[in-house]
Amino acid sequence: MKSFLIKIGCFTLALLAILTAMEVYVESMPNIARDKHQWMLQHSNEVKTLVLGNSHNLYGIRPDQLGEGAFSLAQQSQTYRYDQYLLQHYPMKELKTIILNFDYSLLWEDFESTPKEEFQAMRYRIYMDCDIHPRLSWYGFEVMYMPLVTEKLRSLFTPGRNHWDSLGWATEYTKEARLQDWDDGKNRAEANTRHDTDIVSMNEGILRNIFDYCQKHHIKVILLNTPVSETFRTYEDPRQRNINTQVLNRLLHDYPTVNYLDWEADPRFTSDDFYDSDHLNHEGAQKLTQSIRCYLTH
Amino acid sequence: MLFNTLTYLLFLPIVFALYWVARSVKAQNWVILLASMVFYGWWSVPCLGLMVGTCLLNYLFIHQMQRANKRKVWMILSLVLNFGVLGVFKYFNFFADNLASLMSLWGLHADMPTLSLILPVGISFYTFQLSAYVIDCYKKELEPTHSLLQFLTFICFFPQLVAGPIERGKNLLPQFNSQRRFDHTQATEGLRLILWGLVKKMLIADNCAAQVDYIFSNHATLSLPTLWLGALYFTFQIYGDFSGYSDMAVGSAKLFGINISQNFNKPYFASSMQDFWRRWHITLMGWFKDYVYIPLGGNRKGRVRRALNILTVFLLSGLWHGSNWTFVLWGAYHALVYKLPVKYITFIVVLIGWVFFRAENVEMAWGYLSHMFDPHLIAAPECSKLPLLLIALLVSTEWLMKEALHPFQWKNQGWQSSQWVRLTCYLVVFLATIMLGGEKVQFIYFQF
């Protein structure tokens with residue numbers, strides 16, 4: 001037994017040493033979440049317009065063109081739970097406006113309730129001091145560490161894919177970089193079609209908390225439905241759209257000061273403005289940002 | 001609880017430590033039983049209640065069978081209970097739907113009731129294990145244990161509880177009857193098997209799974225080579241998934257000084273369909289042979305009867321896998337090809353059969369198969385080739401080590417005798433499995 005335990009110990013120690021070395025190396029690599037966090041630690045009190053939301057806002061809104069004091073805390077797949085966390089986490093004395101997504105699928109998304117997405121919560125814990133799931137909680141332990149190891153080990157071999165500017169706008173979606181068959185609307189719409197209405201109820205509650213917070217702090221809320229391609233819209237599930245509309249109507253009825261901009265099918269956005277069927281490229285982002293700025297100033 | 005999770009990685013050492021600290025047979029069995037309850041209850045407490053309840057009733061019936069002179073009645077009662085529970089949870093809706101469809105053919109409209117029940121994980125496995133035990137006791141081929149603790153430990157032994165191997169009382173019960181002593185060689189062998197099982201599950205099965213899902217759900221629009229690749233990927237997905245699970249089960253059991261049966265013996269190297277079925281899901285086919293095929297007359301009552309018996313076994317085996325006509329068709333297909341001289345194309349014949357198994361319904365299976373043989377659809381494959389590389393690695397490894405149980409059976413000579421070389425090898429394989437492993441997918445055989 002003793003010799004068996006010694007061998008197991010040697011294996012475990014060697015494994016831990018390798019994983020720790022990889023962890024240190026990977027954490028030292030550039031990372032959008034950490035950069036945004038660092039920026040906010042230093043400048044949060046200067047922020048007047050805060051962009052939250054998922055990749056649609058991350059790629060689609062350029063804070064540098066939105067006016068002074070604009071910053072984007074939007075991130076890939078960011079759910080309302082983390083929008084609320086980020087909004088309340090940093091002191092923002094000057095904050096006047098927030099821009100949230102209200103698109104086809106966001107109301108149906110929650111990392112914690114979706115096994116394949118659970119790991120995404122890790123970036124808020126690791127890089128943004130988020131304490132929603134403490135490291136010693138079961139979720140923190142099982143969900144955030146194990147996929148973290150996998151994801152991090154993988155990232156050793158695929159580093160530096162993402163690029164972003166100093167105000168948090170992700171810049172790698174250019175028209176030149178897009179694929180030949182960029183309009184993958186059928187696959188994208190189907191991949192974003194969900195069925196768990198419990199998540200919808202939970203997210204509606206979170207949105208109400210965000211709106212209450214904003215009302216209390218006199219912050220203007222903009223709910224934005226970003227442009228998508230016609231193919232994407234064709235394959236959207238009518239049932240999901242219908243529920244989205246019902247929730248939206250309830251929210252707008254209860255919070256009349258919330259502004260909803262539905263530019264999902266806006267004809268101003270042509271095929272030249274897309275990176276793929278539901279993300280804008282640089283030209284599209286410029287167009288969208290100018291439209292938002294125009295709306296905010298008039 | 002899944003074998004390929006961090007939860008199991010924590011659970012196993014805790015149980016291992018408690019087990020070897022325990023000094024008596026009884027204490028060791030208690031540790032195993034409690035661990036098995038936690039393992040199964042982790043998934044669903046009500047289903048744990050159902051399993052324990054079924055076991056207790058069986059225990060009672062078997063003891064009545066020993067005392068009373070109406071032995072057959074108690075045996076039948078026991079089997080009715082076991083297969084009744086299985087039937088309600090697994091097949092009720094299937095038969096109700098089909099009966100309604102059948103009646104509608106004759107113009108009768110029937111509102112058949114349906115049950116919204118969750119299928120208890122591993123119910124088919126433990127039902128078969130229980131039933132084999134009951135029949136063996138009835139036939140006096142096995143002396144029933146009087147210890148409830150031993151009986152429950154035998155049925156609920158967590159490494160093989162939810163996805164087999166389906167153990168026999170003759171093999172497993174005596175092992176719970178004596179004090180287990182720690183055996184370094186056996187425990188090391190167990191860990192190697194767990195590692196090899198992880199490789200098959202995470203590296204092969206999980207990487208194939210995403211491609212299989214894509215190809216099967218878009219089969220109507222994909223090219224002929226893509227569909228063949230899809231069938232090939234599923235062939236190795238199910239092998240990696242199920243044999244990987246079995247390896248981890250056998251390996252985990254060895255850590256506790258328990259030997260359970262091997263369920264796979266490199267089935268894709270089989271030289272005939274009979275050979276394939278001697279190598280694939282060995283314990284299930286052994287069960288059907290002993291409790292269905294032989295009691296029906298086996299090969300002793302002429303060729304026609306023999307063919308019918310084979311058909312019965314394969315249809316039941318198909319139905320055992322799930323309440324869907326695709327599984328029945330898969331069983332019928334295997335009954336049909338069982339005796340065919342397919343020596344050099346055994347693998348292809350097996351591969352085609354898996355299409356029935358994987359398809360969501362019969363229409364999908366036919367559609368997929370017809371496209372697989374449609375020469376108008378020849379075009380470049382439209383899916384990832386990474387699984388192909390991994391499959392090639394698996395096949396060549398298994399071919400090179402075909403006499404061994406797994407590739408980590410080292411020779412005590414030359415470079416292989418160095419412990420540092422072995423440690424490095426384990427680390428490399430483990431890290432590669434984590435890094436290249438596909439997205440975590442639940443074990444396919446959990447649903448059966």
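This briefing goes through selected features of the structure above, topic by topic. The model is predicted. In chain A, five strands form an open sheet with parallel pairing. In chain B, helix 14 and helix 15 have axes that come within 8 Å of each other. The structure has 0 disulfides over all chains.

**The sheet of chain A**

- The order of the 5 strands in the open sheet of chain A is 2-1-3-4-5.
- Strand 2 (70-72) and strand 5 of chain A are the edge strands, and each of them pairs on one side only.
- On average, neighbouring strands of this sheet are turned by 20 degrees against each other, direction ignored.
- Strand 1 (residues 49-51) and strand 3 (residues 97-101) of chain A run parallel and are joined by 3 bridges. Here Val51(A) is placed opposite Ile99(A) of strand 3.
- Strand 3 and strand 4 of chain A also run parallel, with 5 bridges joining them. Across this pairing, Asn101(A) is opposite Leu224(A) in strand 4.
- Strand 4 (residues 220-225) pairs with strand 5 of chain A in the parallel sense, over 4 bridges. Leu224(A) has Leu261(A) as its bridge partner in strand 5.

**Burial along two strands of chain A**

- In strand 3 of chain A, 5 of its 5 residues are buried.
- One side of strand 3 carries Thr97(A), Ile99(A) and Asn101(A), the other carries Ile98(A) and Leu100(A), and both faces are covered.
- Strand 5 (residues 259-262) of chain A has side chains that alternate between two faces.

**Helix 14 and helix 15 of chain B**

- Two packed helices are described by the angle between their axes and the distance between the axes.
- For helix 14 (residues 325-337) and helix 15 (residues 346-358) of chain B, the axes come within 8 Å and the crossing angle is roughly 160 degrees. Angles over 145 degrees count as roughly antiparallel, so helix 14 of chain B is roughly antiparallel to helix 15 of chain B.
- From helix 14, the contact is made by Thr326(B), Phe327(B), Leu329(B), Trp330(B), Tyr333(B) and Val337(B). From helix 15, the residues in contact are Val349(B), Ile352(B), Gly353(B), Trp354(B), Phe356(B) and Phe357(B).
- Sorted by class, this contact between helix 14 and helix 15 of chain B has 10 nonpolar residues, 2 polar residues and no charged residues.

**Two further helix residues of chain B**

- Ser243(B) belongs to helix 10 (residues 224-255) of chain B. The relative accessible area of Ser243(B) is 0%, so this residue is buried. Not counting residues up to four places away in sequence, Ser243(B) touches Lys200(B), Ile238(B) and Phe264(B).
- Leu148(B) is in helix 6 (residues 148-156) of chain B. Leu148(B) has a relative accessible area of 32% and is therefore partly exposed.
- With residues up to four places away in sequence not counted, Leu148(B) touches Leu56(B) and Tyr59(B). Leu148(B) and Leu60(B) are 88 residues apart along the chain, and their C-alpha atoms are separated by 9.6 Å.

**Residues with positive phi**

- Most residues other than glycine have a negative phi.
- Ser77(A) is not a glycine, yet has a positive phi of about 60 degrees. Ser77(A) is in the loop between strand 2 and helix 4 (80-89) of chain A. With a relative accessible area of 23%, Ser77(A) is partly exposed.
- Lys266(B), also a residue other than glycine, has a positive phi near 45 degrees. The loop between helix 10 and helix 11 (273-279) of chain B holds Lys266(B). Lys266(B) is buried, at a relative accessible area of 11%.

**Cysteines**

- Over all chains, the count of disulfides is 0.
- Which residue holds the cysteine sulfur closest to that of Cys130(A)? The closest one is in Cys214(A), at 18 Å, which is too far for a bond. A disulfide needs the two sulfur atoms within 2.5 Å.
- Cys130(A) is buried, with a relative accessible area of 2%, whereas Cys294(A) is partly exposed, with a relative accessible area of 40%.

Methods
Residues numbered from 1 in each chain as written. Chains lettered and ligands numbered in written order. Predicted model: local features only at pLDDT ≥ 70, side-chain atom pairs only at ≥ 80, totals over all residues. Heavy atoms only, no water. Axes fitted to C-alpha atoms, helices over the stretch in contact; angles between N-to-C directions. Parallel < 35°, antiparallel > 145°, perpendicular 65-115°, else oblique. Contact = heavy atoms within 4.5 Å. Nonpolar A, V, L, I, M, F, W, Y, C, P; charged D, E, K, R; others polar. Buried < 20%, exposed > 50% of the residue type's maximum accessible area, 1.4 Å probe, protein only. Pairing = 2+ DSSP bridges.
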